[in-house]
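Work through the exercises below with the sequence and the structure side by side. Try each task before reading its solution.

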Amino acid sequence: MREDDIRKHLTTETFGRVIYPFDVLDSTNTRAKEYALARAPEGTLVVADEQTAGRGRMGRSWHSEKGKNLIFSLILRPRISPQMIGMLSLWSSVAITRALSTSFSFPVACKWPNDIQVRRKKCCGILSECIFEGRQLAAAVVGIGLNVNQTEFPDDLRTLATSLAVESGGNVDRCELLGKILREMEEGYANIQSGSFEGILEEWISRSPMMGKPVTVRQQERSIQGIASRLAPDGGLILTTDGKEIKILAGDVKVVA
Ligand code: BTN
């Protein structure tokens, strides 16, 4: 993606005003963390057409076909306590889901903690990472991988992944979409900076059909079944299981069919 094509679609004040565009990079998150440590300003955008070591949650890799999708990371300096960093993924999910819902007619849903799905297939993943100075949060990097124009997926992803082109049946302008997403993110970021998380939690719940349903949460060492009851104030998932409520902070959630 060319920097001037991105700029044509920018309507933000700070998000995306400093851009580092790359044809190929190991990981936009890794590079963005380096820039954040070097005091890059809030809203700095690192964007690539291809990653050689794209990273996902829980130590996984992120697959994305060269030149087809949106792969980017934003540098933030949120004034939140480290316990609230889960809110960054929820706020980003809400902003991206909003941008997609205004652009496409197919249903777009949030899946805890950081996925966006269309018809129960994943089209977007978010990886938020933090930089600490002592116990203080100095910066955060929110990395977003959104399947836009990719129509073929490797065997292991074929039944799990989708893209906007697959769902809409047409090619999508990546720069225009990036502009819309950055706009929604910047608008919602005011709530992060003022500590107003309730609206984000409510909107996330309203965009997530998994809430209220029986789910299985797979974590590294265990699997838990329960009802996805609500979100905790820090964005954790409250599961009701055997009449007790437990808070889940990480894991893969699957709705029990
Ligand atoms: C997940 O669903 O596991 C999160 C995937 C996040 C992928 C994006 S692509 C841009 C940014 N750079 C990375 O290395 N990862 C994130």
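**Exercise 1.** Find what the side chain of Ser27 does at the ligand, and which backbone atoms also reach the ligand.

Solution.
- Step 1. An N or O atom in the side chain of Ser27 is 2.7 Å from an oxygen atom of the ligand. A polar contact is a pair of N or O atoms within 3.5 Å; within protein, one must be able to donate a hydrogen and the other to accept it, and residues adjacent in sequence count only if both atoms are side-chain atoms.
- Step 2. Arg55 uses a backbone N or O atom, 2.7 Å from a nitrogen atom of the ligand.
- Step 3. Arg57 also uses a backbone N or O atom, here 2.6 Å from an oxygen atom of the ligand.
- Step 4. The ligand taken alone exposes 410 Å², and the protein buries 98% of that (Shrake-Rupley method, 1.4 Å probe).

The model is predicted: local features need pLDDT of at least 70, side-chain atom pairs count only at pLDDT 80 or more, and totals for chains, interfaces and linings use all residues. Residues are numbered from 1 along each chain as its sequence is written, and side-chain values use heavy atoms, with hydrogens and water left out.

**Exercise 2.** Describe the shell around the ligand by class and by element.

Solution.
- Step 1. By class there are six nonpolar, 10 polar and four charged residues. Ala, Val, Leu, Ile, Met, Phe, Trp, Tyr, Cys and Pro count as nonpolar, Asp, Glu, Lys and Arg as charged, and the others, Gly among them, as polar.
- Step 2. At least two shell residues each come from helix H2 (28-37) and strands E3 (70-76), E6 (121-133) and E7 (136-146). Helices (H or I, at least four residues) and strands (E, at least two) are DSSP runs, numbered from the N terminus.
- Step 3. E6 gives the largest share, four residues.

**Exercise 3.** Is Gln219 buried or exposed, and what does its side chain reach?

Solution.
- Step 1. Gln219 sits in the loop between strand E8 (214-218) and strand E9 (223-231).
- Step 2. Its relative accessible area is 16%, so Gln219 is buried. Buried means under 20%, exposed over 50%, partly exposed in between (1.4 Å probe, protein chains only).
- Step 3. The side chain of Gln219 reaches the backbone oxygen of Ala250 at 2.7 Å.

**Exercise 4.** Which values of phi and accessibility belong to Met58?

Solution.
- Step 1. Met58 is not a glycine, yet has a positive phi of about 50 degrees.
- Step 2. Met58 is partly exposed because its relative accessible area is 31%.
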